Amino acid sequence: MEIDIKGMKIPYTITRRSHQKTIRLRISSGGVVSVSTRKNVSDEVISDFVRRQATWIYSWFSKRNILPKTRVERGNVVSNEYRVYKEKAKDIALKKVTYWNSIYGFVYKKISIRKSETRWGSCSRKGNLQFSYKIALLPDDLADYLVVHELCHLCEFNHSDRFWKLVSKTIPDYVDRRKKLKGIF
Ligand SMILES: [Zn+2]
């Protein structure tokens, strides 16, 4: 489906789920618009709904200076970015993990870079650290926070008070940086 707002053509996908009660519209950080709703909702009802959000959708794109994309188009952009940034991302992740872990002294195994757009990083129970290639696109202070966050999961596999206390040892303003990082995705 597609909506035309002031000449801006905005494609969107529709997902119907049996367990969902309401209609929801989401715009991903990369500019992909998707609508999800319960089963049996007609395309007309959905396009009316999208039309009512037109002002908000239009300002979302104008504010960020991003062009609307389909999922496939966005997939290609991510693949390209991944190719371009994965080496730099690996380099940044290695340096930052080495630096911050010289303070913490935890034990980790592998560090790898993923083609993920929806997750900044993760830490597996086996002690492997993974980061999105997008770490290469982050401002330094947020990349530091991200690395420290995942490192601290080597010790605390949760988001308990103890976990945040560990994070705050090196990133006292972690609340602020966490908020900023969330705002990027
Ligand atoms: Zn976490």
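Mentor: Helix H4 (residues 140–152) and helix H6 (residues 174–184) pack at an angle of about 105°, their axes lying 10 Å apart. Axes are lines fitted to C-alpha atoms, for helices over the stretch in contact, and angles run from 0 to 180 degrees between N-to-C directions. H4 and H6 are therefore roughly perpendicular to each other, a term that covers angles of 65 to 115 degrees. H4 contributes Asp141, Leu142, Tyr145 and Leu146 to the contact, and H6 contributes Tyr174, Arg177, Arg178, Lys180 and Leu181; contact requires C-beta atoms, placed from the backbone, within 7 Å. By class, there are 5 nonpolar, no polar and 4 charged residues, where Tyr and Leu count as nonpolar and Asp, Lys and Arg as charged.

The model is predicted: local features need pLDDT of at least 70, side-chain atom pairs count only at pLDDT 80 or more, and totals for chains, interfaces and linings use all residues. Residues are numbered from 1 along each chain as its sequence is written.

Leu146 also belongs to the largest nonpolar core, of 24 residues, and is one of those touching the most other members, as are Ala93 and Val147. Such a core is a set of buried Ala, Val, Leu, Ile, Met, Phe, Trp, Tyr and Cys residues joined through C-beta atoms within 7 Å, buried meaning 20 or more other C-beta atoms within 10 Å of a residue's own. Helix H3 (71–104), strand S7 (129–132), H4 and helix H5 (161–170) each give two or more residues to this core, and H4 supplies its largest share, 7 residues. Helices (H or I, at least four residues) and strands (E, at least two) are DSSP runs, numbered from the N terminus.

Technical notes. Angles under 35 degrees count as roughly parallel, over 145 as roughly antiparallel, 65 to 115 as roughly perpendicular and the rest as oblique. Two residues are in contact if their C-beta atoms, placed from the backbone, lie within 7 Å. A residue is buried if 20 or more other C-beta atoms lie within 10 Å of its own, exposed if 12 or fewer, and partly exposed in between; C-beta atoms are placed from the backbone.
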